[in-house]
Amino acid sequence: YGLFTKKKKWFTIVFVSLYAILPEYFAVEFSQSLPLLTASRLLLVMLLAGTAFQLRIYNPLPGLKKIGVANPLLIYCVLCLLANLTHIKDSPGVVNSIFIIIFQEFLLVCLLVINIRTEQLLFKCVDGFIHASAVVFFLGIIEAVTGWKWAYLLTTVSRKMLQSSMTRLGIDRAEATFGHSVYFGLFCVVLIPLIMYYYENTRKKKYIVFLALDLLALIFTSSRGALLAAGILLILMFLSQSKRMLNIYVKYVLIALCGLLILGIFSPTLFETITGIFKSVLNALGFSFELDNYGINQNGTYSRVMQLSVITWVMMHNPLFGMGPNAQTRGVIRFFDERGLWVPSNTYDVGYMQILGDLGIVGAIAYVVLYVSLIKLTFKNDKKNDVSNMNRAFKWCFVGYFLSMLSIATVNNVFWLIVGLCFAYNNIKANEERRV
C-alpha cells in the first residue's frame, strides 16, 4: 500500500515507464494452455493490488463519462468480447484475447485514471516513459550496427515467441524488445509527438537527442510503412507549428543532413545502407531504384494490397464475427494473389485487415467507435494557442498509430498505455475546469 500513497507515487511512474517496452518473451510460463504472465502483466497486477489496498478508491467511470469516452470504451469492450466468444470452441487464442480486453485494455485504462489524478504526476509518468524509450532507441541502434540481439537475453519461456531476427541491406533490422522490426517501427512513430511536446515545453536539448535516437532507430528498423507514416506525421506536425518553432526544427534538420554527409565520408558502407533504406521507401511509392542485398519482401506494397482481399474472404465465411483470434497462424484466413488463388498467410501486414479478419464487422464497428472517440476527444480539447496542452501530443500519437496500421499490425501495449494516459489527462483537465 505504501507504494501508492500520495507521497509515494513512484511505482505509477515506473509502471508507465516500463509497461510498453518490456518484451513478451520475458515472462513466467505456467502451462502451454494458459496466457503468459509477462513482465508487463506482472507490473499491471502489482498496480492493481496497490490500488485495491487504497483506503478510498476513486471511481473512474464518472470521469470517463464526463469527457465523453465511457460509452465508446464500454461499447468497444462488449463488442470485442462478443466477437471473441463466438470462437470459443474453434480458436485456442480466445482465452488470451478475452484476458487482454478485460485486463490489458479496460482495466489498464481505469487504473491509470484512478492513480494519475494530477497534471504534475502525469507529466512525470510520460517523461519517465520517454526516458526509458530513449534507452530502447539507443540499444536498437546498437543492435542494428553490431547484430547483437541483446533483448533475447531476457527470454524466459520455452514456447515459440516472435523473435524475427531479419536482415535487410546487409544489416540486422532493429527490433529491440518488440520481437519484430515493424512493431518497433510503429513504437518509434508513436513516440515522436510526445518527445516533441516535451522539447517544446521545456526547451531542453536532451529531448532533441531523444528525438534523434528515435528517428535513427526508426530508420534502422527498415520498416517502410513506419517510415512513410513518420514522414506524413512529421509533415502534418510541422504544418501545425508556429513559424518560430518551425525554424528551430529546420535548423536541426539541416544539422542532421550535415551529419549524414559526414557519415558518408567516414563510413561509406553505413551511409550506403541508410540511403538504401530511404530508396526502398521510395520504391514502395513507385520508384525503381536498384537495391543489392535487400532481403525478403522487396515488393512490400503488393503484399499489403493483396491483404485487402481479407474483406472478401471474411464476407464469404463469417462476416459478422470474422475468423477468430490469430486466424492467420491457424490457417483459416486467406488472401487472393495475382494468380487468382486463395493462399494462406501466417501474418497480417495491415492492422485494419487484422481487425476485420479476426473479429468481422462487429469487431470493426467496435474499433471504429473507439478510434472516432479518441480523435474527437483529442482534437476537440487541443487548445491551439496553449502549447502546454498535452492533447497536442496525444492527437498526433493517435494519427501516427492509425497511419502506421495501413502497413503494420496492431501493437496493443503502447496503444492502450497512451489511451489511458490521454484519458487520465483529460479527466484531470475536466476536474480543474469544474473547480473553476
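Predicted model: local features only at pLDDT ≥ 70, side-chain atom pairs only at ≥ 80, totals over all residues.
The largest contribution comes from H10, with nine residues. In terms of residue class, 27 of the lining residues are nonpolar and two are polar, while no charged residue is found in the lining of the second largest pocket.

Two helix pairs were then examined. Two packed helices are described by the angle between their axes and the distance between the axes. For helix H1 (residues 10-18) and helix H2 (residues 39-52), the axes come within 10 Å and cross at roughly 155 degrees. Because angles over 145 degrees count as roughly antiparallel, H1 is roughly antiparallel to H2. The crossing of these two helices, H1 and H2, is left-handed. On the H1 side the contact involves Phe11, Thr12, Phe15 and Leu18, which meet Leu43, Leu44, Met46 and Leu47 in H2. Seven residues of the contact of H1 with H2 are nonpolar and one is polar, and none is charged.

The second pair consists of helix H5 (residues 94-115) and helix H16 (residues 412-435), whose axes come within 8 Å and cross at roughly 30 degrees. Since angles under 35 degrees count as roughly parallel, H5 is roughly parallel to H16. The crossing of H5 and H16 is right-handed. From H5, the residues in contact are Ile100, Gln104, Glu105, Leu108, Val109, Leu112 and Val113. Their partners in H16 are Asn412, Asn413, Trp416, Leu417, Val419, Gly420, Leu421, Phe423, Ala424 and Asn427. By class, the contact of H5 with H16 comprises 11 nonpolar residues, five polar residues and one charged residue.

Conventions: Residues numbered from 1 in each chain as written. Heavy atoms only, no water. Helix = DSSP H or I, 4+ residues; strand = E, 2+ residues; numbered from the N terminus. Nonpolar A, V, L, I, M, F, W, Y, C, P; charged D, E, K, R; others polar. Axes fitted to C-alpha atoms, helices over the stretch in contact; angles between N-to-C directions. Parallel < 35°, antiparallel > 145°, perpendicular 65-115°, else oblique. Left-handed = near helix turned anticlockwise from the far one by under 90°. Contact = heavy atoms within 4.5 Å.
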